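Q: Can we go through this model together? I'd like to start with a single residue.

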Amino acid sequence: MPICILGDLEDLTTVYVKWLAAQRGLEVLSLPESKLGESWSFEFDDGIQSRGWITHRENIYRFEDLQGAFVRLNPRPALPAGVVLPASQELAFVQERRNGIYQLLENLPCPVVNRTTGGRSNGSKPYQMRQLAQLGFRIPKWIVTNDVEVARAFAGHFPNSPIYKSLSGLRSKVRKLDEAALDRLAEGGSPVIVQEYIGGRDVRIHTVKEKAFATEVLGEGIDYRFEERASTYAPTEAPVNIEALCFEAAEYDNLLLAGLDFRVTPDGVWYCLEMNPVPTFMPYDLGARQPIGEAILDLFKGSWNSASLE
Amino acid sequence: MTSHCVAIVSQPDDLLSDALVCQLSSHGIPTIQTAPGALGDLSLRLQDETFSLDGQSVGVIFFHARPEENLSSSFQEADRSFVDAEIRAAWLAAMQLDSVLAINRYDANSWFENLRWTAWRRTLAASGVSLAKVHYGDGNGQDEDNWLPYAFYTPQKTLDRSAMRLLGSAAVQDPLCQYHRFSCGEAITAYPPQSAQEAAQALLLFDIHLTEIATDAQERVVLANPIPLITDRQEIAAITERLIGLIDAHLHPR
């Protein structure tokens, strides 16, 4: 019974998971998005029972034959080889194909890491932060505005300069709110999130269903993800209640794999910053030697009761 | 007199929105009516449980447009894609506030699926509403199948099997026959089948107050559209009356 690796097969995380699967001797069905309709195709009805199959070259795999699916989709999918379209039609073509894959992922009965409907809250940071707060996480104070005076007034409430970041996650480097940023806001720009700055340790918790992997990130700057000097990673402990909240948040957002970012203050207060539905877990897996990739494959081999997985 | 305004986002030629603005005005309820492309021009503030536009507190949002539309026409072309995403993210968050009545209140799934029929089919299926079958992907050779593009609400001409395979497209066997419109769970169009009524009630539980349900010749629900284009004056009057009631109850709780 194979597992599927679907989407951008050149993505590093995809390559890593495929390598791990090979180490285990698992049969892997590689389904590159660019080859949909060429080397592979799918067919199903979304009736009461999820039935369908994937055809890969000459082989047919019923949905119930699949152990699991690991998905990484390229933000800019390419046209299939040999397909040439006017620019006005290219976007519609690509979007129709992408939506078809979304429907496939939603209807596979096996564990899917992650389904399209998983983690969409991440597309709106204020939406997600409100959701995380309602679930019980402590989150920094924040405001969304494109009004420089509103931003300035909010910033004045804090002894340390707050940070600002994008709402959608695009161009999402976190920066300190300085006069240059306020000047740009004054000139007329898109809304930003201005957020209370929390000093402390960076901790990422990856959840894979009911397993949690807490990693301390030793980096520099406001946003370690974008700093030039490489960060280092070390396993750490998270309080049981924080882990429980992480499991709840991931399940609430239909995520089998999630990456939750925290700032932990010197006196041990855990602030949740965001939940990432497509976490790049390799640095944590390899850097801190935490078997996140292995845990994903454990999902697929039915280590959990399959009836409880979806 | 309320201190909160109603924010209406719709295309300039939307008759339903214009009628709503008129009625709200006659009720003394202030409105901010904006085309989607002009959203980037509004001064916006979202904090805790408050949402304001141009300094006015917003108590109701009627977002009668697709989130995928251009929302930042006055910005430079190179920035529009980014700014659109930011504005989209802000309005989704604003719709979730307890202080805001959103008509309709979309969640992240429906919003980032651009309110297309695929999101509503999942909602209806999960609610136990009986649906007509939709076939996805490689065709099974039924020539009479109607292609249902993911980006539209009406079936198009049949695609051949190779195209279905290449696109992973969806198809329905029977053409869509009737479109039934509901406001606040009540039928606006005459004699909707039981299936459509059940679908509208199911969506109402998810705060979808305005919807159009499409059924096939066998009266099976095929899809739902939360932003129907309504041009019939009687329907507009009926919908507006119900929405005004909903808005009034929210802004002036007794």
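Q: Is B:Val129 buried or exposed?
A: B:Val129 is buried, with a relative accessible area of 8%. Buried means under 20% relative accessible area, exposed over 50%, and partly exposed in between, with a 1.4 Å probe and protein chains only.

Q: What should I know about the model and the numbering?
A: This is a predicted model: local features need pLDDT of at least 70, side-chain atom pairs count only at pLDDT 80 or more, and totals for chains, interfaces and linings use all residues. Residues are numbered from 1 along each chain as its sequence is written, chains are lettered from A and ligands numbered from 1 in the order in which they are written, and side-chain values use heavy atoms, with hydrogens and water left out.

Q: Where is B:Val129 found?
A: B:Val129 sits in the loop between helix 4 (117-126) and strand 7 (134-137) of chain B. Helices (H or I, at least four residues) and strands (E, at least two) are DSSP runs, numbered from the N terminus.

Q: Which residues is B:Val129 in contact with, leaving aside neighbours within four places in sequence?
A: B:Val129 contacts B:Leu124, B:Ser195, B:Glu198, B:Ala199, B:Ala202 and B:Val221. Contact means heavy atoms within 4.5 Å.

Q: New topic. At what angle do helix 1 and helix 7 of chain B pack?
A: Helix 1 (residues 15-26) and helix 7 (residues 233-251) of chain B pack at about 50°, and their axes are 9 Å apart. Axes are lines fitted to C-alpha atoms, for helices over the stretch in contact, and angles run from 0 to 180 degrees between N-to-C directions. That makes helix 1 of chain B oblique to helix 7 of chain B. Angles under 35 degrees count as roughly parallel, over 145 as roughly antiparallel, 65 to 115 as roughly perpendicular and the rest as oblique.

Q: Which peptide bond involving B:Asn104 is cis?
A: The bond from B:Ile103 to B:Asn104 is cis, with omega near -5°. B:Asn104 is in the loop between strand 6 (101-103) and helix 3 (108-112) of chain B.

Q: And what about A:Asn114?
A: The peptide bond from A:Val113 to A:Asn114 is cis, with omega near -10°.

Q: Why point these out?
A: Because most peptide bonds are trans, and most residues other than glycine have a negative phi.

Q: What is phi of B:Tyr191 near?
A: Phi of B:Tyr191 is near 50°, a positive value in a residue other than glycine. B:Tyr191 is exposed, at 78% relative accessibility.
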